[in-house]
Amino acid sequence: MKDRGETTRESILDAAKTLVMSKGFSGTSIDDVLKLTGKTKGAFFHHFKGKADLACQLVKRYALNDLKMFQELDKQSQEQSDDPLQQMLIFIELFEVYISNSDDPAPGCMYAVYTYESRQFDPDVLDFVSDTLRQWTAIYVRKFQDVMDKYDPALDVTARQLAEMIVSVIEGGLVLQRAHGDTDTTRRQSIQFRNYLRLLFGNPNTKNEAA
């Protein structure tokens, strides 16, 4: 079980995430976070050096949770199939279920918030965001290369292009969710990406889906 200090730290990070995703980082003050949590400034500064430190720890926790989600969905997809294409399709479909049923309706993407408000953050924080997105792309590159080692695509495409495409679909979908207030946007676009993969590589055991 978490001790009281860890619980306090997590509650501050939870509140900061809620505020940053709704108001942006520049529009969120330490006082806003404390008001939402009911914590004191002493409690805040016990865990964070200041707002810049809060920003750094917040995005690092966000990235770690993303990675844990990826690892769990990847594990499930490998348990369901030995075929790399089927694994990829299953993984994407599991992600769609996750994004639809998550307690957090994902009103946007924190990476996008940090990128749009780049002047608010230290360079090392922005470098972390950039590196995180590169790491996500690299993971997908490896998975798509496994697919292409077994299946010939119907079009001239590379594993990196497909990896960049799925990251763009997810990140873009999250941005549109925030812009339109439609929390189903990312799931719908993910379905279309799966359909594209079926057309690209051929998958006679499944049928295309409509968003």
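D184 is partly exposed in this predicted model, with a relative accessible area of 24%, where partly exposed denotes the range between buried (under 20% relative accessible area) and exposed (over 50%), computed with a 1.4 Å probe on protein chains only. Its side chain meets that of R187 in a salt bridge with an N to O distance of 2.6 Å, a salt bridge being a side-chain nitrogen of Lys or Arg within 4 Å of a carboxyl oxygen of Asp or Glu. R187 likewise counts as partly exposed, at 23% relative accessibility. Because the model is predicted, local features need pLDDT of at least 70 and side-chain atom pairs count only at pLDDT 80 or more, whereas totals for chains, interfaces and linings use all residues. Residues are numbered from 1 along each chain as its sequence is written, and side-chain values use heavy atoms, with hydrogens and water left out.

The structure holds 15 salt bridges. One of them pairs D14 with R61, the closest N and O atoms being 2.9 Å apart; it links distant parts of the chain, since D14 lies in helix α1 and R61 in helix α4, 47 residues apart, helices being DSSP runs (H or I, at least four residues) that are numbered, like strands (E, at least two), from the N terminus. R61 is buried, with a relative accessible area of 15%, whereas D14 is partly exposed at 40%. Through salt bridges that share partners, D14 and R61 are joined with E6, R9 and E10 into one network. A further salt bridge is formed by K41 and D31, whose closest N and O atoms are 3.7 Å apart. K41 lies in helix α3 (residues 41-47) and D31 in helix α2, so this pair ties together parts that are 10 residues apart in sequence. Both ends are partly exposed, K41 at 47% relative accessibility and D31 at 46%.

In soluble globular proteins, nonpolar side chains tend to be buried together. Apart from residues up to four places away in sequence, L197 touches M88, L89, I92, F144, L162 and G202, contact meaning heavy atoms within 4.5 Å.

T137, found in helix α7, counts as buried at 10% relative accessibility. When its neighbours within four places in sequence are left aside, T137 is in contact with R160, A163, E164 and V167.

One cavity of 30 Å³ or more is present in the structure, a cavity being a set of points, on a 1 Å grid over the protein atoms alone, where a 1.4 Å probe fits but cannot get out. The largest cavity contains about 40 Å³ of space, the volume being that filled by probe spheres set on grid points joined across faces, edges and corners. Its lining, formed by residues with an atom within 4 Å of a point, consists of F91, I92, F95, Y140, I166, V169, I170 and S190. Helices α5 (84-101) and α8 (159-180) each supply at least two of the lining residues.

Note on methods:
1 Å grid on protein atoms, 1.4 Å probe; cavity = no way out; pocket = protein on both sides within 12 Å on 5 of 7 lines; lining within 4 Å.
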